[in-house]
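Here is a short briefing for a first look at this structure. Start with the overall picture, then follow the topics below.

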Amino acid sequence: MRHHRNVTESSGKGFTHAYRALRHRNFRLFFAGQSISLIGTWMTRVATAWLVYKLTHSAVLLGTVSFAGQIPTFLLAPLAGVLVDRWNRRTVLIATQALAMVQSLVLAALTLTNRITIPEVLALSAMQGCINAFDMPGRQSFLLEMVEDRADLSNAIAINSSMVNLARLVGPSLAGMLIAVTSEGWCFLIDGVSYSAVIASLVMMRLTAAESKAMAAVLHHPSMLAQLKEGWDFVRHFAPVRTILLLFALVSLMGMPFVTLMPIFAAQVLHGGPHTLGFLMGAMGVGSLFSAITLVLRKSVRGLLKMIPIAAAAFGVGLISFGFSRVIWLSMLLLLLTGFGMMQGLTASNTIIQTIVPGDKRGRVMSYYTIAFVGMAPFGSLMAGGLAQSIGAPRTVIISGICCIAGSLWFTSQMEIVRRAMRPIYEQLGIIPAKFSPQVNEVSGG
(Lines give C-alpha, C1' and ligand atoms only; values in the text may rest on other atoms or scores of the structure.)
Protein backbone atom coordinates (compact mmCIF):
# COMPACT_ATOMS: atom_id res chain seq x y z
CA MET A 1 0.00 0.00 0.00
CA ARG A 2 1.34 3.43 -0.90
CA HIS A 3 1.31 5.96 1.90
CA HIS A 4 2.26 8.98 -0.23
CA ARG A 5 0.88 10.45 -3.40
CA ASN A 6 3.02 10.67 -6.48
CA VAL A 7 4.68 14.07 -6.56
CA THR A 8 2.92 14.95 -9.81
CA GLU A 9 -0.44 14.79 -8.01
CA SER A 10 0.44 17.25 -5.30
CA SER A 11 -0.40 20.53 -6.97
CA GLY A 12 -2.81 22.64 -4.97
CA LYS A 13 -5.40 25.02 -6.31
CA GLY A 14 -3.84 28.31 -7.35
CA PHE A 15 -0.33 26.85 -7.59
CA THR A 16 1.34 25.31 -10.61
CA HIS A 17 3.41 22.20 -10.05
CA ALA A 18 6.52 24.41 -10.09
CA TYR A 19 5.45 26.18 -6.87
CA ARG A 20 3.21 23.58 -5.25
CA ALA A 21 5.12 23.68 -1.92
CA LEU A 22 4.01 27.30 -1.48
CA ARG A 23 0.41 26.15 -0.98
CA HIS A 24 1.50 25.30 2.58
CA ARG A 25 1.11 28.36 4.83
CA ASN A 26 4.08 27.57 7.04
CA PHE A 27 6.39 27.17 4.08
CA ARG A 28 5.19 30.49 2.63
CA LEU A 29 6.08 32.18 5.91
CA PHE A 30 9.49 30.51 5.92
CA PHE A 31 10.07 31.52 2.29
CA ALA A 32 9.28 35.18 3.03
CA GLY A 33 11.44 35.37 6.16
CA GLN A 34 14.40 33.51 4.73
CA SER A 35 14.35 35.52 1.50
CA ILE A 36 15.13 38.66 3.50
CA SER A 37 17.57 37.06 5.94
CA LEU A 38 19.64 35.26 3.31
CA ILE A 39 20.43 38.49 1.45
CA GLY A 40 22.01 39.75 4.66
CA THR A 41 23.87 36.46 5.13
CA TRP A 42 25.48 36.70 1.69
CA MET A 43 26.38 40.34 2.28
CA THR A 44 28.21 39.28 5.43
CA ARG A 45 30.08 36.47 3.67
CA VAL A 46 31.45 38.80 1.01
CA ALA A 47 32.14 41.60 3.49
CA THR A 48 34.01 39.27 5.84
CA ALA A 49 36.23 37.93 3.06
CA TRP A 50 37.00 41.46 1.83
CA LEU A 51 37.63 42.73 5.38
CA VAL A 52 40.14 39.94 6.07
CA TYR A 53 41.89 40.52 2.76
CA LYS A 54 42.00 44.29 3.35
CA LEU A 55 43.49 43.83 6.82
CA THR A 56 46.04 41.15 5.90
CA HIS A 57 46.45 40.71 2.10
CA SER A 58 47.06 37.05 2.98
CA ALA A 59 45.64 33.98 1.25
CA VAL A 60 46.60 31.89 4.28
CA LEU A 61 44.56 34.07 6.64
CA LEU A 62 41.60 34.01 4.27
CA GLY A 63 41.73 30.23 4.53
CA THR A 64 42.27 30.37 8.30
CA VAL A 65 39.20 32.55 8.91
CA SER A 66 37.12 30.23 6.74
CA PHE A 67 38.50 27.27 8.72
CA ALA A 68 37.57 28.91 12.04
CA GLY A 69 34.03 29.49 10.77
CA GLN A 70 33.48 25.91 9.63
CA ILE A 71 35.48 23.56 11.86
CA PRO A 72 32.99 23.86 14.79
CA THR A 73 30.30 22.54 12.44
CA PHE A 74 32.48 19.51 11.60
CA LEU A 75 33.06 18.76 15.29
CA LEU A 76 29.55 19.44 16.63
CA ALA A 77 27.26 18.31 13.78
CA PRO A 78 26.87 14.61 14.82
CA LEU A 79 25.84 15.62 18.36
CA ALA A 80 23.67 18.42 16.96
CA GLY A 81 21.88 15.92 14.70
CA VAL A 82 20.92 13.76 17.68
CA LEU A 83 19.65 16.79 19.60
CA VAL A 84 17.66 18.03 16.59
CA ASP A 85 15.91 14.65 16.47
CA ARG A 86 15.15 14.93 20.21
CA TRP A 87 14.24 18.61 20.53
CA ASN A 88 11.48 20.76 19.08
CA ARG A 89 12.91 21.85 15.72
CA ARG A 90 11.17 25.21 15.56
CA THR A 91 12.58 26.14 18.98
CA VAL A 92 16.05 25.12 17.80
CA LEU A 93 15.75 27.36 14.75
CA ILE A 94 14.48 30.38 16.70
CA ALA A 95 17.45 30.02 19.05
CA THR A 96 20.01 29.67 16.24
CA GLN A 97 18.62 32.69 14.37
CA ALA A 98 18.67 34.83 17.53
CA LEU A 99 22.28 33.87 18.27
CA ALA A 100 23.28 34.54 14.65
CA MET A 101 21.71 38.00 14.95
CA VAL A 102 23.84 38.73 18.02
CA GLN A 103 26.98 37.55 16.21
CA SER A 104 26.36 39.83 13.22
CA LEU A 105 25.53 42.86 15.37
CA VAL A 106 28.72 42.44 17.42
CA LEU A 107 30.74 42.16 14.20
CA ALA A 108 29.03 45.31 12.92
CA ALA A 109 29.73 47.27 16.09
CA LEU A 110 33.44 46.37 16.11
CA THR A 111 33.87 47.16 12.41
CA LEU A 112 31.96 50.45 12.41
CA THR A 113 34.00 51.69 15.40
CA ASN A 114 37.27 50.63 13.68
CA ARG A 115 38.18 48.23 16.50
CA ILE A 116 37.95 45.00 14.53
CA THR A 117 41.03 42.77 14.47
CA ILE A 118 41.75 39.36 12.96
CA PRO A 119 41.50 37.52 16.35
CA GLU A 120 38.02 38.97 16.80
CA VAL A 121 37.02 37.95 13.26
CA LEU A 122 38.30 34.44 14.02
CA ALA A 123 36.36 34.23 17.30
CA LEU A 124 33.11 35.50 15.79
CA SER A 125 33.51 33.19 12.79
CA ALA A 126 33.93 30.25 15.19
CA MET A 127 30.75 31.33 16.99
CA GLN A 128 28.85 31.29 13.69
CA GLY A 129 30.24 27.80 12.99
CA CYS A 130 28.84 26.53 16.30
CA ILE A 131 25.45 28.04 15.46
CA ASN A 132 25.47 26.46 11.99
CA ALA A 133 26.12 23.01 13.46
CA PHE A 134 22.59 23.12 14.91
CA ASP A 135 20.92 25.41 12.38
CA MET A 136 21.65 23.45 9.19
CA PRO A 137 20.36 19.97 10.21
CA GLY A 138 17.51 21.67 12.07
CA ARG A 139 16.46 23.70 9.03
CA GLN A 140 16.79 20.78 6.61
CA SER A 141 14.82 18.34 8.77
CA PHE A 142 12.19 21.01 9.57
CA LEU A 143 11.21 21.25 5.88
CA LEU A 144 8.93 18.22 6.06
CA GLU A 145 7.08 19.70 9.06
CA MET A 146 6.46 22.89 7.06
CA VAL A 147 5.21 21.25 3.86
CA GLU A 148 3.38 18.40 5.68
CA ASP A 149 3.01 16.36 2.47
CA ARG A 150 6.17 14.42 1.65
CA ALA A 151 5.23 14.50 -2.03
CA ASP A 152 5.89 18.26 -2.00
CA LEU A 153 9.27 17.92 -0.28
CA SER A 154 11.40 17.90 -3.43
CA ASN A 155 9.67 21.05 -4.65
CA ALA A 156 10.19 22.73 -1.27
CA ILE A 157 13.92 21.91 -1.38
CA ALA A 158 14.19 23.26 -4.93
CA ILE A 159 12.31 26.46 -4.03
CA ASN A 160 14.54 26.83 -0.98
CA SER A 161 17.60 26.52 -3.25
CA SER A 162 16.16 29.14 -5.58
CA MET A 163 15.73 31.43 -2.60
CA VAL A 164 19.32 30.85 -1.47
CA ASN A 165 20.66 31.57 -4.92
CA LEU A 166 18.55 34.65 -5.52
CA ALA A 167 20.06 35.92 -2.27
CA ARG A 168 23.51 34.83 -3.54
CA LEU A 169 22.88 37.00 -6.59
CA VAL A 170 21.55 40.07 -4.76
CA GLY A 171 23.59 39.95 -1.53
CA PRO A 172 27.15 40.00 -2.95
CA SER A 173 26.24 42.71 -5.47
CA LEU A 174 24.81 44.90 -2.70
CA ALA A 175 27.81 44.16 -0.50
CA GLY A 176 30.27 45.11 -3.24
CA MET A 177 28.53 48.46 -3.81
CA LEU A 178 28.12 49.17 -0.10
CA ILE A 179 31.76 48.38 0.73
CA ALA A 180 32.91 50.61 -2.13
CA VAL A 181 31.05 53.66 -0.77
CA THR A 182 31.02 53.01 3.01
CA SER A 183 32.51 50.09 4.94
CA GLU A 184 32.06 46.40 5.63
CA GLY A 185 30.38 47.22 8.95
CA TRP A 186 27.12 48.29 7.30
CA CYS A 187 26.86 44.89 5.60
CA PHE A 188 27.14 43.21 9.00
CA LEU A 189 24.54 45.57 10.49
CA ILE A 190 22.03 44.88 7.71
CA ASP A 191 22.60 41.14 8.17
CA GLY A 192 21.98 41.39 11.92
CA VAL A 193 18.68 43.23 11.43
CA SER A 194 17.58 40.83 8.66
CA TYR A 195 17.46 37.88 11.08
CA SER A 196 14.35 39.41 12.65
CA ALA A 197 12.39 38.48 9.49
CA VAL A 198 13.04 34.74 9.75
CA ILE A 199 12.48 34.75 13.53
CA ALA A 200 9.11 36.42 12.97
CA SER A 201 8.17 33.85 10.30
CA LEU A 202 9.00 30.96 12.67
CA VAL A 203 6.96 32.47 15.51
CA MET A 204 3.94 32.97 13.22
CA MET A 205 3.84 29.32 12.07
CA ARG A 206 1.04 27.04 13.26
CA LEU A 207 2.62 23.68 14.11
CA THR A 208 0.58 22.50 17.10
CA ALA A 209 0.18 18.87 15.96
CA ALA A 210 3.77 18.51 14.80
CA GLU A 211 5.11 20.07 18.00
CA SER A 212 3.03 17.80 20.23
CA LYS A 213 4.22 14.76 18.31
CA ALA A 214 7.85 15.89 18.59
CA MET A 215 7.60 16.54 22.33
CA ALA A 216 5.91 13.16 22.95
CA ALA A 217 8.58 11.39 20.95
CA VAL A 218 11.32 12.77 23.21
CA LEU A 219 9.96 10.72 26.10
CA HIS A 220 10.56 7.48 24.18
CA HIS A 221 14.04 8.22 22.83
CA PRO A 222 16.88 5.89 23.75
CA SER A 223 20.10 7.35 25.10
CA MET A 224 21.92 9.99 23.08
CA LEU A 225 24.87 7.63 22.60
CA ALA A 226 22.58 4.93 21.19
CA GLN A 227 20.97 7.44 18.84
CA LEU A 228 24.37 8.69 17.73
CA LYS A 229 25.47 5.14 16.90
CA GLU A 230 22.17 4.40 15.16
CA GLY A 231 22.57 7.44 12.90
CA TRP A 232 26.18 6.60 12.05
CA ASP A 233 25.34 2.96 11.28
CA PHE A 234 22.52 4.04 8.96
CA VAL A 235 24.78 6.42 7.02
CA ARG A 236 27.62 3.90 6.88
CA HIS A 237 25.62 0.90 5.69
CA PHE A 238 22.98 2.46 3.41
CA ALA A 239 24.69 2.66 0.00
CA PRO A 240 22.75 5.62 -1.51
CA VAL A 241 23.38 7.94 1.45
CA ARG A 242 26.97 6.75 1.90
CA THR A 243 27.88 7.18 -1.77
CA ILE A 244 26.23 10.57 -2.18
CA LEU A 245 27.84 11.92 0.98
CA LEU A 246 31.29 10.64 0.02
CA LEU A 247 31.15 12.47 -3.33
CA PHE A 248 29.69 15.52 -1.63
CA ALA A 249 32.49 15.50 0.95
CA LEU A 250 35.14 15.33 -1.80
CA VAL A 251 33.56 18.21 -3.72
CA SER A 252 33.28 20.27 -0.52
CA LEU A 253 36.89 19.51 0.44
CA MET A 254 38.46 20.19 -2.95
CA GLY A 255 35.97 22.35 -4.85
CA MET A 256 33.93 24.61 -2.57
CA PRO A 257 36.94 26.42 -0.99
CA PHE A 258 37.53 28.26 -4.27
CA VAL A 259 35.05 30.84 -2.90
CA THR A 260 37.61 31.62 -0.17
CA LEU A 261 40.08 32.67 -2.85
CA MET A 262 37.66 35.00 -4.65
CA PRO A 263 39.15 38.21 -3.15
CA ILE A 264 42.53 37.19 -4.62
CA PHE A 265 41.03 36.61 -8.07
CA ALA A 266 39.20 39.96 -7.85
CA ALA A 267 42.23 41.98 -6.70
CA GLN A 268 45.33 40.22 -8.09
CA VAL A 269 44.24 38.10 -11.05
CA LEU A 270 41.59 40.42 -12.51
CA HIS A 271 43.04 43.66 -11.04
CA GLY A 272 39.75 44.93 -9.60
CA GLY A 273 38.27 45.91 -6.25
CA PRO A 274 35.28 45.08 -4.05
CA HIS A 275 32.88 45.72 -6.93
CA THR A 276 34.75 43.07 -8.98
CA LEU A 277 34.31 40.61 -6.12
CA GLY A 278 30.60 41.42 -6.10
CA PHE A 279 30.35 40.82 -9.86
CA LEU A 280 32.13 37.45 -9.59
CA MET A 281 29.96 36.26 -6.71
CA GLY A 282 26.89 37.57 -8.51
CA ALA A 283 27.76 35.63 -11.67
CA MET A 284 28.12 32.45 -9.64
CA GLY A 285 24.75 33.26 -8.07
CA VAL A 286 23.11 33.58 -11.50
CA GLY A 287 24.38 30.13 -12.49
CA SER A 288 23.20 28.67 -9.19
CA LEU A 289 19.82 30.36 -9.50
CA PHE A 290 19.32 29.00 -13.02
CA SER A 291 20.18 25.54 -11.70
CA ALA A 292 17.67 25.86 -8.87
CA ILE A 293 14.93 27.03 -11.26
CA THR A 294 15.43 23.94 -13.46
CA LEU A 295 14.92 21.84 -10.34
CA VAL A 296 11.81 23.78 -9.31
CA LEU A 297 10.27 22.95 -12.70
CA ARG A 298 10.78 19.20 -12.19
CA LYS A 299 7.62 17.22 -11.47
CA SER A 300 9.37 14.43 -9.57
CA VAL A 301 12.63 13.41 -7.90
CA ARG A 302 12.89 10.77 -10.60
CA GLY A 303 15.85 11.64 -12.80
CA LEU A 304 17.91 13.40 -10.12
CA LEU A 305 20.39 10.60 -9.42
CA LYS A 306 22.12 10.90 -12.79
CA MET A 307 22.43 14.66 -12.29
CA ILE A 308 24.79 14.24 -9.32
CA PRO A 309 27.89 13.05 -11.27
CA ILE A 310 27.03 15.33 -14.20
CA ALA A 311 26.89 18.30 -11.82
CA ALA A 312 30.22 17.38 -10.19
CA ALA A 313 31.86 17.13 -13.62
CA ALA A 314 30.38 20.49 -14.72
CA PHE A 315 31.60 22.07 -11.49
CA GLY A 316 35.09 20.69 -12.11
CA VAL A 317 35.21 21.89 -15.73
CA GLY A 318 34.05 25.34 -14.61
CA LEU A 319 36.78 25.54 -11.95
CA ILE A 320 39.55 24.47 -14.34
CA SER A 321 38.45 26.99 -16.97
CA PHE A 322 38.08 29.77 -14.38
CA GLY A 323 41.63 29.08 -13.20
CA PHE A 324 42.94 29.82 -16.71
CA SER A 325 40.89 33.00 -17.28
CA ARG A 326 42.44 36.46 -16.93
CA VAL A 327 39.53 38.49 -18.34
CA ILE A 328 36.64 39.52 -16.10
CA TRP A 329 33.81 38.91 -18.60
CA LEU A 330 35.13 35.42 -19.38
CA SER A 331 35.59 34.67 -15.68
CA MET A 332 31.99 35.70 -15.03
CA LEU A 333 30.74 33.43 -17.84
CA LEU A 334 32.73 30.50 -16.45
CA LEU A 335 31.35 31.15 -12.97
CA LEU A 336 27.86 30.70 -14.42
CA LEU A 337 28.83 27.10 -15.25
CA THR A 338 30.59 26.67 -11.91
CA GLY A 339 27.57 27.96 -9.97
CA PHE A 340 25.21 25.78 -12.00
CA GLY A 341 27.20 22.62 -11.36
CA MET A 342 27.70 23.38 -7.68
CA MET A 343 24.01 24.04 -6.99
CA GLN A 344 22.72 21.19 -9.17
CA GLY A 345 24.78 18.67 -7.22
CA LEU A 346 23.97 20.25 -3.86
CA THR A 347 20.21 20.32 -4.39
CA ALA A 348 19.93 16.95 -6.13
CA SER A 349 21.86 15.31 -3.27
CA ASN A 350 19.74 17.03 -0.63
CA THR A 351 16.47 16.10 -2.34
CA ILE A 352 17.31 12.42 -2.79
CA ILE A 353 18.61 12.01 0.76
CA GLN A 354 15.57 13.69 2.33
CA THR A 355 13.24 11.60 0.15
CA ILE A 356 14.71 8.21 1.11
CA VAL A 357 15.61 8.80 4.78
CA PRO A 358 13.05 7.85 7.50
CA GLY A 359 11.64 10.84 9.39
CA ASP A 360 12.92 9.70 12.79
CA LYS A 361 16.52 9.71 11.51
CA ARG A 362 16.34 12.86 9.39
CA GLY A 363 18.07 15.17 11.86
CA ARG A 364 21.01 12.80 12.32
CA VAL A 365 21.42 12.03 8.62
CA MET A 366 21.21 15.72 7.74
CA SER A 367 23.90 16.39 10.33
CA TYR A 368 26.24 14.17 8.29
CA TYR A 369 25.07 16.02 5.18
CA THR A 370 26.09 19.20 7.04
CA ILE A 371 29.50 17.67 7.78
CA ALA A 372 29.97 16.80 4.11
CA PHE A 373 28.81 20.24 2.95
CA VAL A 374 30.24 22.57 5.61
CA GLY A 375 32.43 20.37 7.78
CA MET A 376 34.89 19.35 5.05
CA ALA A 377 35.22 22.90 3.75
CA PRO A 378 37.43 24.18 6.61
CA PHE A 379 40.12 21.64 5.77
CA GLY A 380 39.73 22.58 2.12
CA SER A 381 39.97 26.28 2.97
CA LEU A 382 43.22 25.79 4.87
CA MET A 383 44.60 23.66 2.05
CA ALA A 384 43.44 26.11 -0.61
CA GLY A 385 44.93 29.06 1.29
CA GLY A 386 48.27 27.27 1.72
CA LEU A 387 48.38 26.13 -1.92
CA ALA A 388 47.43 29.57 -3.19
CA GLN A 389 50.25 31.09 -1.15
CA SER A 390 52.81 28.73 -2.71
CA ILE A 391 51.59 28.03 -6.27
CA GLY A 392 49.02 30.80 -6.78
CA ALA A 393 45.22 30.92 -6.67
CA PRO A 394 44.68 30.01 -10.37
CA ARG A 395 46.68 26.77 -10.18
CA THR A 396 44.98 25.88 -6.89
CA VAL A 397 41.54 26.19 -8.49
CA ILE A 398 42.65 24.09 -11.50
CA ILE A 399 43.75 21.27 -9.17
CA SER A 400 40.41 21.53 -7.35
CA GLY A 401 38.52 21.09 -10.63
CA ILE A 402 40.50 17.99 -11.58
CA CYS A 403 39.62 16.39 -8.23
CA CYS A 404 35.89 17.11 -8.73
CA ILE A 405 35.94 15.43 -12.16
CA ALA A 406 37.69 12.39 -10.65
CA GLY A 407 34.95 12.19 -7.99
CA SER A 408 32.30 12.32 -10.71
CA LEU A 409 33.87 9.33 -12.47
CA TRP A 410 33.98 7.34 -9.21
CA PHE A 411 30.31 8.08 -8.45
CA THR A 412 29.32 6.93 -11.94
CA SER A 413 30.98 3.56 -11.23
CA GLN A 414 28.76 3.15 -8.13
CA MET A 415 25.46 4.11 -9.77
CA GLU A 416 24.02 0.62 -10.24
CA ILE A 417 24.56 -0.29 -6.56
CA VAL A 418 22.86 2.93 -5.51
CA ARG A 419 19.91 2.36 -7.88
CA ARG A 420 19.25 -1.14 -6.55
CA ALA A 421 19.14 0.11 -2.95
CA MET A 422 16.86 3.05 -3.78
CA ARG A 423 14.36 1.13 -5.94
CA PRO A 424 12.24 -0.41 -3.10
CA ILE A 425 11.90 2.95 -1.37
CA TYR A 426 10.87 4.74 -4.55
CA GLU A 427 8.30 1.98 -5.21
CA GLN A 428 6.86 2.32 -1.70
CA LEU A 429 6.57 6.11 -2.08
CA GLY A 430 4.87 5.75 -5.47
CA ILE A 431 7.67 7.56 -7.31
CA ILE A 432 8.14 4.60 -9.64
CA PRO A 433 5.71 1.77 -10.46
CA ALA A 434 5.81 -1.19 -8.07
CA LYS A 435 6.39 -3.57 -11.00
CA PHE A 436 9.26 -1.47 -12.29
CA SER A 437 11.48 -3.51 -14.62
CA PRO A 438 15.10 -3.93 -13.46
CA GLN A 439 16.14 -3.86 -17.11
CA VAL A 440 15.20 -0.19 -17.28
CA ASN A 441 18.26 1.65 -16.07
CA GLU A 442 16.27 4.33 -14.21
CA VAL A 443 15.50 3.99 -10.52
CA SER A 444 15.35 7.75 -10.24
CA GLY A 445 15.56 8.52 -13.90
CA GLY A 446 19.31 8.52 -13.30
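Buried means under 20% relative accessible area, exposed means over 50%, and partly exposed lies in between, using a 1.4 Å probe and protein chains only. This is a predicted model: local features need pLDDT of at least 70, side-chain atom pairs count only at pLDDT 80 or more, and totals for chains, interfaces and linings use all residues. Residues are numbered from 1 along each chain as its sequence is written, and side-chain values use heavy atoms, with hydrogens and water left out.

**Overall picture**

- The protein chain has 17 helices and zero strands. Helices (H or I, at least four residues) and strands (E, at least two) are DSSP runs, numbered from the N terminus.
- Of the 446 residues in the protein chain, 60% are buried.
- Take the contacts between residues at least 6 apart in sequence: 85% of them join residues at least 24 apart. Contact means heavy atoms within 4.5 Å.

Axes are lines fitted to C-alpha atoms, for helices over the stretch in contact, and angles run from 0 to 180 degrees between N-to-C directions. Angles under 35 degrees count as roughly parallel, over 145 as roughly antiparallel, 65 to 115 as roughly perpendicular, and the rest as oblique. A crossing is left-handed if the near helix is turned anticlockwise from the far one by less than a right angle, and right-handed if clockwise.

- Helix α1 (residues 25–56) and helix α4 (residues 118–147) have axes that come within 13 Å and cross at roughly 160 degrees. The two helices are therefore roughly antiparallel.
- The contact involves residues of α1 including Phe27, Phe30, Leu51 and Leu55, and residues of α4 including Val121, Arg139, Leu143 and Met146. α1 passes α4 in a left-handed crossing.
- The axes of α1 and helix α2 (residues 59–86) come within 9 Å and cross at roughly 140 degrees. That makes α1 oblique to α2.
- From α1, Thr48, Ala49, Val52, Tyr53 and Thr56 meet Leu61, Leu62 and Val65 of α2. Here α1 passes α2 in a right-handed crossing.

**Phe30 in α1**

- Is Phe30 buried or exposed? Phe30 counts as buried, at 2% relative accessibility.
- Phe30 sits in helix α1. Leaving out residues up to four places away in sequence, Phe30 touches Arg139, Met146, Asn160, Met163, Ser201 and Met205.
- Phe30 and Met204 are 174 residues apart in sequence, yet 9.5 Å apart in space, C-alpha to C-alpha.

**Helices α12 and α16**

- The axes of α12 and α16 come within 7 Å and cross at roughly 165 degrees. That makes α12 roughly antiparallel to α16.
- The α12 and α16 crossing is left-handed.

**Helix α17**

- A kink of about 35 degrees lies at Met422 in α17, shortly before the proline Pro424. The bend at a residue is the angle between axes fitted to the seven residues ending there and the seven starting there.
- Buried residues of α17 include Met415, Val418, Met422 and Tyr426. Among the elements covering the buried residues are α9 (239–254), α12 (307–324), α13 (328–356) and α16 (393–413).
- Just after α17, Gly430 takes a positive phi of about 80 degrees.

**Loop residues**

- Most residues other than glycine have a negative phi.
- Asn114, in the loop between α3 (89–112) and α4, has a positive phi near 60 degrees. Asn114 is exposed, with a relative accessible area of 70%.
- His271 lies in the loop between α10 (262–269) and α11 (274–296), and its phi is positive, near 55 degrees. His271 counts as exposed at 67% relative accessibility.
- Lys361 lies in the loop between α13 and α14 (362–375). Lys361 is buried, with a relative accessible area of 14%.
- Lys361 touches Asp85, Glu230 and Phe234, not counting residues up to four places away in sequence.
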